[in-house]
Structure formats: structure tokens, C-alpha cells
Amino acid sequence: MSNTSYSFKENSHVIVNQGGEKKVMKKILSVALSTAMAFSMFASVAFGADAKLTPEQQFNALKEAGIVSGFPDGLSHLERTLTRAELAKIIVNSLSLEPVDATSYNDKNYANHWGRPYIEAATQAGILNGKDAVKKLFDPNGAVTVQELAKVLVTALKLEVPADANNTASEWAKGYVAAAVNAGYLADGINYQAQATRSQAVVAAYAIYEAAQFKVTKAEAIDATHVKLTLSNGETVEVTLEKALEPNKATELEYTTADGKVLKYTVTYVVTTATKVESVKADNLREVKVAFDGEVDAATAEDASNYSISSDETTQEVEVVDATLSADKKVVTLTVEDKADENEGLENQVKYTLDLSNVRAGSNVISASDLEFTPVDAALPVAQSAQALGNKTIKVTFSEPVKADVSATNFTVDGAAVVGSTDVSGNVVILKLYTTLSNGEHTINVSGVSDFSGLLNLSTDLKFSVVEDTTAPTIVSVENATFEYVTLKFSEAIDPSTISVGNVYWLKGTTEYPVESFKQLSDDTFRFNFSEDNKLQYATTLYVSGVADYSGNVIAKDASIAVNPVLDQTRPEVVSVKMGDDVANQLIVKYTKAVEKETAEDMDNYVIKNSSGDVVAEYKEIELSEDGKTATINLISDLTEGATYTLTISNVTDTTTLRNVILPYTTSFTVANVTAPTADSAYFVTDSRKIVVNYSKAMLTSGTGSILDKNNYVVHDSDNNTWKALPSGATIVASSNGKSAIITFPKSSTVAVDDFDWIRVSGVKSATGKTLSGLTKDLPLAEVTPIAVESAEATATNKIKVTFDQTIQTATTSDFTVKNTKGDSLKVISVSVDDDDVYLTLSSNTKLTENGLYDGAPVEVTVNANKTLVNPAGIKFTDAATREVSDKIAPMLSSVTAATYDKDTGRITATLKFSEAVDEKAGAEGSAVYDLAVVVDGDTIDPSDYTVTFDGNEATLEITGVDEYAKNWILKVKVVGTPHFIVDGSNNTVSASSNYVQKAVTLAD
């Protein structure tokens, strides 16, 4: 046998196209893996490692599995040698490959050789090659040596082959043998050129067979990117995926073991909670069906305010008036009406878009926008069924919602006209007859009923059976009950007109506590809601009176059912936080359930901070909606458009008996650019032939409304008192921040910029599409003046704001020198430009104190001349100027350092520490108490019951009239949202607190 008698192809997935390959194709993918594992096991067993089973035991196991068979005498004859054809059969059977009926070799009598199908299968799988590739000879009866098996082993396991191997193997095999020896698969010094025996082949075959059984037996998706695998050896592993799994879709993946084995498996990420909207469609003009890819929470899915529908193809506005979740919690049916006509719906074959937000699905919050759908109502409404509700009422159900103009004239019963009234609700019409139907089968004819596209139903006969109903309805069961509501199921359909809030109640003594409202959930099921004053307090009896079915049978006078209310222990959660429409001073907070008015409208429970962590908002009022689920926060002043803020909500409780408290919630939100831009100023620069127009915000620089469009400007000639277009050849560019338009007159122009005294701006828009306030603005033109420094203020211990008299285009750290009056330098590490303000950020090593000093001395900023600071026209700052930095750093309440209770005086005394020396504002004696919120043992103390006196950076808080004391008392203090009276030495008002500072109250000595 030559040194090429056996080889394991480097790319084992490459298939030799010799015919019959389709039969083995499905096995090929596992061949490389199985062979690699097989020979790894084979090496450790066949070449000297300890074996769990003897070769004879392994032979018997393979024989039982149908992989090998004994000789006619019943013996295994493991001592005999091994032929190439025999090895081919063992490999094919061990790997469960299908024999291939092909003829790829030219050996004599090969076509009739018993081993041909196995040789072909092993060849097709890339495991074995012929002995002579040129002549296409395989040599089926040739023997196999140990060194040849070593080559297969080393190639399969991709072991490193040493270049200087020295052993007794043939020259071509030395490296393979050395690699196998170094890896511990071969014993050193054995006869490597000896022929392999059946014993060695059985050990190898058993290893191959055992390796083929090593696989993933179970794959479970923990979440979209984590899978738990159970292997056939009992081992479990967790795999992190690079690409997230698609929900509810079987996905084929591979797992690579630590030693390089690749195992294929299929896993499905089963998702019961929704992650997205699957589809939106409307097959009638009153209902839109929104399908999700899983279950959604009813509380938010059925909130109609979470959906909005619009269209660019019609001026008619559409309102979502109801949202109903399907029984499987995957489809929400939206009922819509025209705002102009409450009896109309969508328009046929007009494209609409649906926006939805804040629909919860477990821990997911689903929002989507611009979901397109086109209502196509080409089907006639179909009267699907008729049901008698006693002897005087018929319920007719249609395939879609129908118009409310249905009347008794649309029906006949048994061929005769009927007299009665109708109630229409969606696709159900209740026909109340003034006459009584006899018992037995009847036929109702339905005709002329219109859907919202104007299509009329075809005349339809529906059979129904009437059974005289003389039985009064009864209460069947309590479907669910909390202290706030009870859902009752009755024995039959109830006429909702017979239910009122006064005839469902519970008793406390002889006092009746009626429900506040009710909602019909189905024909026979109603939910009754109790008010805050009337809600259940314990297990009790609920009484129902006056309720009747459609035959007029009234429930028994003393009808009642025992109710065992369950405490609602679910905390309220925030569904969404968003800005109000087209305003920058309003936040709308939606909760998952009704929350208590007192806590939801408490300004202390909402804290808004800017990106620097400073509390920024002052509240005007907070209003809770009628259903208790939406809090509208109105601020005194606008938040900065385009800026991102954080809102923290705490201590809000629901309206349930337990008053479940929201977990502290923090979210970020960005203020939209909602206000119209203004044109603020303009000037000209004679030498550079420029006119600069400054705007209040970044402006549009392309398309309609661009500030770069010359047609949006005209200039006024004072000599002729006429408005003129910009000269031909004039160009316009925008400043780097987009807030200025720089108009340059061409050199060839016969007019100069100083020929004009006004410039008119028209129709320009902000970068967010808001049109210029007033549409047109006339601005006086004057020659540019040198840039001047107006002021310098410390706004934080590491921030200084330098204000100029005009818009600044560019500034860098080299433009500023900061020192204290002792001559000590402070390092400026960055600057940022905001119109006429430049903010300097100081290094952490040269920060200011809370009163704006550095090393006890005042600080000065020098703006350096002829550096990089320029205005939009490119005019540099030319005259160096120095300004003292004024203190605008707000003091802060930092801690409560002591709190004691004096039992003799009934007084709590506490020491408050501030970030710097503070005092009461001049002329506001005794008012400092209103800047603080003081809480003892959870109770808020009225300002009339405490005083505050100041001494440097400390203040003494005294609470009077405390009659008793408990060891676990905690004193909590914070500065309220809009402080006015506590100021520092520079008259800066104390900063509002984001959290309480607190201290345990101890007994005074």
C-alpha cells in the first residue's frame, strides 16, 4: 500500500461527482465531524490508552448494532489483518452512510467486488482515496498499516506535524507518527509499518460509532440570544448567540465544543409575549385589526389613546374610539369614527397610517409608526345568525359593523312586517318587538342593512327558535373580584337598559354602598366598579335588584352572591412619558392603572434633571385625568428644545386598598423642536461685502424654506425707498451651527452692502420644519461692531459662562485665560458655543469653590485677542478684555448632620448642612420654611410647625408640638421644586433637591 492509500480531505464537504452522490448527500455534513471525533477516540483506545470495554466487548456491541458481523464459525477473529475494502465497510456502517451504487475505480473485477458500494460511499464522503489516482486504482484487497492509520488520525485531528521527526516509520510517515506520539495517541517505539488488525479496526469502529452518537439532544432558547443545550453525554451548556433569534421560528445553528467539534442543532425561540406588530388591516370601514406576534397586556392594548390614524389622501380626521383585545391576546380591534361625523368610519381604498405607542407585552413596550394599511371593503355585510332572546327580542349578528340607521323596517318575521325598536352595537343588532312571538321555529328576513361603505346586505332568511322564557335571570358566578371591582356572570343575556348604578350594591349595616359605574363585557357578563368611598372592605354579599332579561323577567328581589375580594398587589407602572403636542413645557405621563390623585399630583414626586444632573423644572400644576391613568405635568417655563432630560417618578400610589406604591422610575426624554424660529438680528461687513442674518435656532439648509435660498431675502434701499432682490451672483452659506445665514455680494456687483438699511426674511424654516414666526421679519441693518465681552459668570464649580454682545461662530480654549487675583492659573479643558454664550469647562484640579472663588480669591477671565474666536462673518475678537467672574452657583442642601428630640419641650432640633453659607432672602423673614419639605416618620410637617435659622453653611431646624417619640423615627428634608427664599451671599436661590436627605431622630441628652 502506498502512502496515499488513505487520506482525510482538508475540505471534507467537497463531493466527488461520480454518480450516486445524492444518496449520501444528507450524511455528508456530519461525516467530517464524526470522523474527527471517531479517530480521536480511536487513537486513545487503539494505541494504548485505557479502554472502558475490551475489543471483544466492543465487537459484540457493534455486532448488536448491525455494524459488523462475525465469521461463519461465529468468532470475531480480531487477530486477523484488515483490508481496504473491510475498512471501507466498517467506516460506512459506523457512520450510517448509505452504500453508493457507482463505479469510480478501474481495479480488475472491481465492478463485481462486494465492497464496491462501501468504497464508493467512503470516497463520496471524502474519507478514502484510491491508491493510484492516475490509473484510478483503489486496491480493495490491500492491507492497512499502523503508520497509514496514523496519517488519517493526524490529518483528521489537524495535529501539528513536526518537521524533524525521527522514528522507525517510513520516510513519508515519520511526521504523522511523531505527531500522533507527541499527542499521546501512539506508543513510542512500536512497529509502525506492521499491518493493522481487525482488533484495531473494531476499536476504531466502536469509537466512530460512539462519536456518531455524540450530539445535541435538546436545545432550549432562554431568550433571543441565549440557548441552553443538553448533550448526549448528559452535559449542559449555555450558548450566547451573535445574532438574535427570530421569535417562533425554527433556526438551524452550530455549537463548537472546546476541542473543536461542531454539533448541529435546531432551536425555536418560543415567544408568548409580543415583540412587534405583525400586520394592520381593515376589511371594513369601521374596524382596524392590529395583529401582534404574541400576547399583549390588556391594560395598555385596550387604551384607545395609544393609537392614532391619519392619512395624507383625505382631509377627514379619524378618531379611535375603542380598542378591544381578542381572547388569545394577540389581536386588537380598533373601532374608528370620523371626528366630523360620529356615525361614519374610514374611507374606502384610501391609504392610512397607524401609529401606536406604549402597548406593553410583559417586559416589552411596543411602539411603531407609519404602519400603512388601505381599507378595502368590497364585501357586502352578511347577516350571519339570529338568536331569540325570549319571546320579544331577536339578536342578529352581522359579518361586520353596520350603520346605526337600522330600523324594524329592515326585518320581517315569518313574512310579516314587525314593529319595534333597534339597538345597534358594532356588528350586532338587537331587535325589540312590540308583539310577542310564539314558541317554536321562526324565520327572520334581513334586508337593506348598510355597512359603512354603503353596501347593503343581500336579502337573507335566518331561522331561529323561540322558547318561552318565564325564568328570571340569576347570578351564576363571580368571575373575579378585588376591593375595587367585581365581575358578575348571569344565567342568560341581560338587557343592559335595566342595569343602573343604584341597583347593584353591598351593605354595611343597613347602609347601601352602590357601584359607581359598570361595563358590559358580553351578553351575560358585566363588570361593576366601586368608587373610592364605596369600595369593598372585606368579604361580603353583593346584592342585585331590578336586572331583567329581554323577556322582561326580573331577577329575584333578594338576589345576592357572596364576594371574597382579593387584594390587588400589583404596583402601578409608568407606561410612557412624552412631551405634549407642539409645546416645550408639558409632559404627559401614562400609568398602567388608575393612581391616587393626591400622590399623582404631588410635585415632589416628579424630578426633572438636565444632562448635567441639575434639577431644572419648576412646576405650574399637575393634573390627573378622569380615569386616573394619565398625569399631565405643566411647567412654568419651556425646556430647551433638542435637549435631553431625565424624569424620576417616585411615591405615586394606585387607588387600591393596599395603595400599591410605584417603584422608583427614571426615564430620559428629548424635547422636540416645537416653537417657531425667529430672525433675531442682522448686520453688514463692508470690507468683505457680507450681510449676516442670525436666527434663534438651527435652520433648514436645503429644499423649500432653506435659509440658503436667495428668494427668501429682499433688501431695502433707503435712497429710493424700495425693496430689491439680492444682486445676481450673490451667494449664501450657513454658519457651522446652522443659526446664521452669511450672504456675500459678488465683486462685480454695482451695489454695496452698505447701500441697504433693512433686510426682509420670508418663509424660512427651522431644521425641524417649523416656519419662521410671523412668516416674514424685517431686520435693521447696521455695520458690524467689534465683538465685546459683556459678562462672565460661574454657573457651577467647573463651569464659567462668558457672554458676548453678538453671536459667536467659533471659539477654542486658546481664546481664554482664567486666573484668580493671586495670579494662580485655572486650566480650561474645553469650550462650547451657544449663540452669544461660550461655556468654559475647568479641569477637576482647578475647580471653583461653591461661592465662585479659587484658593479664596476672586477669579477673572481674559478673552485673548486675535486668536480663533470669531463671529459668523469671520470677524475676529481684536481687543483683549478681562472680566471678573461673578458667582451664579446655586447653593445646595447636602445633609442632615444631627436630629434630636427633647421630651421636655416636645421639640425636634436638627442641623442642616448646605454647600456654602446661606441665609434668608432680605425682607423675607420667616419665609425660608416654604423652601423646605420636612417629613417625620412618614408624615409631612406643616411649615407653621417648624422654624429655620441660618449660621454660615448650616441651619437649625426646629419642629415644635411633637407630643411623643418613637425610636425608629426618621427625619427627612429636601428643598422644594420652586425655592425662593434661601439664598447665598450672591443672592443665588438654593437649588431644588432631587432626593430627601435624612437622619434618624435620637433622644436629646
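This is a predicted model: local features need pLDDT of at least 70, side-chain atom pairs count only at pLDDT 80 or more; totals for chains, interfaces and linings use all residues.

1. Partly exposed here means a relative accessible area between the two cut-offs: under 20% a residue is buried, and over 50% it is exposed. Lys329 has a relative accessible area of 42%, so it is classed as partly exposed. The residue sits in the loop between strand E9 (318–325) and strand E10 (331–338).

2. Leu775 is another residue other than glycine with a positive phi, near 70 degrees. Its place is the loop between strand E42 (756–762) and strand E43 (776–780). With a relative accessibility of 54%, Leu775 counts as exposed.

3. Asn712 belongs to the loop between strand E37 (690–695) and strand E38 (713–717). Is Asn712 buried or exposed? Its relative accessible area is 13%, which is under the 20% cut-off, so Asn712 is buried. Beyond its neighbours within four places in sequence, Asn712 is in contact with Gly705, Ser706, Arg760, Val761, Ser762 and Val764. For orientation, the C-alpha atom of Asn712 is separated by 97 Å from that of Ala194, and the two residues are 518 apart along the chain.

4. Helix H3 (residues 84–94) is mostly covered, with eight of its 11 residues buried. The buried residues are Arg84, Ala85, Leu87, Ala88, Ile90, Ile91, Val92 and Ser94. Ser96, which follows H3, has a positive phi near 60 degrees.

5. The axes of H3 and helix H4 (residues 116–124) come within 8 Å and cross at roughly 65 degrees. The crossing is left-handed. On the H3 side the contact is made by Ala85, Ala88, Lys89, Val92 and Asn93, which meet Tyr118, Ile119, Ala121 and Ala122 in H4. Of the residues in this contact, seven are nonpolar, one is polar and one is charged.

6. The largest nonpolar core has 32 residues, and Ile119, Ile127 and Leu128 have the most contacts inside it. Helix H2 (55–64), H3, H4 and helix H7 (198–212) each supply at least two residues. Which helix gives the most to this core? H3 does, with six residues. In soluble globular proteins, nonpolar side chains tend to be buried together. Leaving aside neighbours within four places in sequence, Ile119 is in contact with Ala85, Ala88, Tyr105, Tyr110, Phe138 and Pro140.

7. Strand E20 (residues 460–466) has alternating side chains. Strand E19 (residues 440–446) runs antiparallel to E20, and seven bridges join the two. Asn445 stands opposite Asp461 of E20.

8. Four strands form an open sheet in the order E24-E23-E27-E28, with antiparallel pairing. Its edge strands, E24 (511–514) and E28 (560–563), each pair on one side only. Neighbouring strands of this sheet are turned by 35 degrees against each other on average, direction ignored. Strand E23 (residues 504–508) is joined to E24 by four bridges, and the two run antiparallel. The bridge partner of Leu507 in E24 is Glu512.

9. An open sheet of three strands has the order E31-E34-E35 and antiparallel pairing. Strands E31 (606–609) and E35 (665–670) stand at the edges with a single partner strand each, so one side of each is left without a neighbour in the sheet. From one strand to the next the twist averages 20 degrees. Strand E34 (residues 644–649) and E35 run antiparallel and are joined by six bridges. Thr644 has Thr670 as its bridge partner in E35.

Key: Residues are numbered from 1 along each chain as its sequence is written. Side-chain values use heavy atoms; hydrogens and water are left out. Axes are lines fitted to C-alpha atoms, for helices over the stretch in contact, and angles run from 0 to 180 degrees between N-to-C directions. A crossing is left-handed if the near helix is turned anticlockwise from the far one by less than a right angle, and right-handed if clockwise. Contact means heavy atoms within 4.5 Å. Ala, Val, Leu, Ile, Met, Phe, Trp, Tyr, Cys and Pro count as nonpolar, Asp, Glu, Lys and Arg as charged, and the others, Gly among them, as polar. A nonpolar core is a set of buried Ala, Val, Leu, Ile, Met, Phe, Trp, Tyr and Cys residues joined through side-chain atoms within 4.5 Å. Buried means under 20% relative accessible area, exposed over 50%, partly exposed in between (1.4 Å probe, protein chains only). Two strands pair if DSSP finds at least two bridges between them.
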